[in-house]
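This briefing covers one chain, from single residues to the whole. The sequence and structure come first, and the notes follow by topic.

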Amino acid sequence: MSISLKQLTMRKILRKILGETGIAFLRSIRSRYFSKKKRQKTPFEKRKVFYATFIKRGELVFDVGANIGNRVAPLLHLGAKIVAVEPQKSCYDELKDKFGKRIILITNGLSDIEGVKKFYVSDASILSSFSEEWINAVKGSRFKQHTWDRVEEVEMTTLDKLIAEYGIPVFIKIDVEGHELEVLKGLSTPIKCISYEYTTPEQTMRAVECITQIEKHNKNIECNYSKGESMRWALEDWLPPEEMKAHILSMNIAIGFGDIYVRTK
């Protein structure tokens with residue numbers, strides 16, 4: 001692009017008035033506020049910003065289904081105290097390596113009662129599950145390229161047992177591939193905020209039943225959700241539980257996966 005004599009003269013005048021420091025400052029302002037291409041937030045940054053709206057430094061959080069810690073890392077950065085639950089050996093070994101003693105690591109599974117359950121290990125660690133129903137629902141469609149060809153027996157505990165040992169968390173995140181309802185059945189304490197993963201249309205009713213289960217021990221709740229990994233509220237207003245159930249059943253909820261949030265009003 002050619003520069004006119006008038007533009008060149010104006011630049012010289014500005015440089016003389018402002019000096020190199022002033023010119024550098026103006027460039028930084030232009031870059032920050034007027035750049036056409038804004039830098040995209042990383043997944044870590046998006047999670048940190050999202051969780052910062054309801055997690056404060058020093059508060060206790062349970063991450064159920066921590067996998068390799070993509071939620072643990074931003075929560076730690078916010079100063080949360082974390083109990084991470086992950087029964088898959090390859091994943092909890094990585095959690096140990098990454099976070100060490102900065103988190104409390106539970107290598108049991110969680111369910112409605114203590115005991116031993118079969119754990120179906122996938123070739124993709126994020127798809128391993130205690131739920132045969134969920135595996136059967138997704139392996140012929142969206143995850144048909146994956147296998148669950150190894151079965152392990154895992155000792156189970158409950159959310160109530162963890163609360164008795166570590167205290168009541170302000171937030172419980174549950175992402176256990178179709179086993180969310182069983183985890184919630186092991187909880188009898190009202191919690192300030194709970195998130196659980198939904199899978200639609202394969203497990204639409206399970207998403208509804210999870211709200212009903214939370215309601216049994218906490219009548220004063222409202223609901224919202226986040227699509228996929230967007231880390232943004234999908235609904236402008238939080239809904240009462242019955243309206244959220246209707247929203248899910250009418251398939252107005254985004255098809256695929258995401259997280260439903262249930263909080264105490």
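L95 is found in helix α4 (residues 89-99); helices here are DSSP runs of H or I with at least four residues, strands are runs of E with at least two, and both are numbered from the N terminus. At 0% relative accessibility, L95 counts as buried, a term that means under 20% relative accessible area, with exposed being over 50% and partly exposed in between (1.4 Å probe, protein chains only). The model is predicted, and local features need pLDDT of at least 70, side-chain atom pairs count only at pLDDT 80 or more, and totals for chains, interfaces and linings use all residues. Residues are numbered from 1 along each chain as its sequence is written, and side-chain values use heavy atoms, with hydrogens and water left out.

**Surroundings of L95**
- Not counting residues up to four places away in sequence, L95 touches A66, N67, I68, G69, E86, G100 and L105, where contact means heavy atoms within 4.5 Å.
- V72 is 23 residues from L95 along the chain, and their C-alpha atoms are separated by 9.0 Å.

**Backbone features**
- N67, one of the residues that L95 touches, sits in the loop between β1 (60-64) and α3 (72-77).
- Although N67 is not a glycine, it has a positive phi of about 55°.
- N67 is buried, with a relative accessible area of 14%.
- M231 is not a glycine either, and its phi is positive at about 55°.
- The loop between β9 and α9 (241-249) holds M231, which counts as buried at 6% relative accessibility.
- T200 and P201 are joined by a cis peptide bond with an omega of about 10°.
- P201 lies in the loop between β8 and α8.

**N218**
- N218 is found in the loop between α8 (204-215) and β9 (221-227).
- With a relative accessible area of 10%, N218 is buried.
- Its neighbours within four places in sequence aside, N218 is in contact with P190, I191 and T264.
- The side chains of N218 and T264 make a polar contact at 2.8 Å; such a contact is a pair of N or O atoms within 3.5 Å, and within protein one must be able to donate a hydrogen and the other to accept it, while residues adjacent in sequence count only if both atoms are side-chain atoms.

**Largest pocket**
- The largest pocket is lined by 38 residues, and I126, L127, D175, E177 and E197 lie nearest its centre.
- The elements giving two or more residues to this lining are β4 (109-110), β8 (193-200) and β10 (256-264).
- β10 supplies the largest share of the lining, three residues.
- A pocket is an open set of points on a 1 Å grid over the protein atoms alone, where a 1.4 Å probe fits, with protein on both sides within 12 Å along at least five of seven lines; lining residues have an atom within 4 Å of a point.
- About 600 Å³ of space lies in the largest pocket, the volume being the space filled by probe spheres set on the points.
- By residue class, the lining has 16 nonpolar, 13 polar and nine charged residues; Ala, Val, Leu, Ile, Met, Phe, Trp, Tyr, Cys and Pro count as nonpolar, Asp, Glu, Lys and Arg as charged, and the others, Gly among them, as polar.

**Whole chain**
- The chain has nine helices and ten strands.
- Of its 265 residues, 47% are buried.
- Among contacts in the chain with a separation of 6 or more, 64% are between residues 24 or more positions apart.
- The chain exposes about 14800 Å², of which carbon and sulfur atoms supply 53%; accessible areas come from the Shrake-Rupley method with a 1.4 Å probe.
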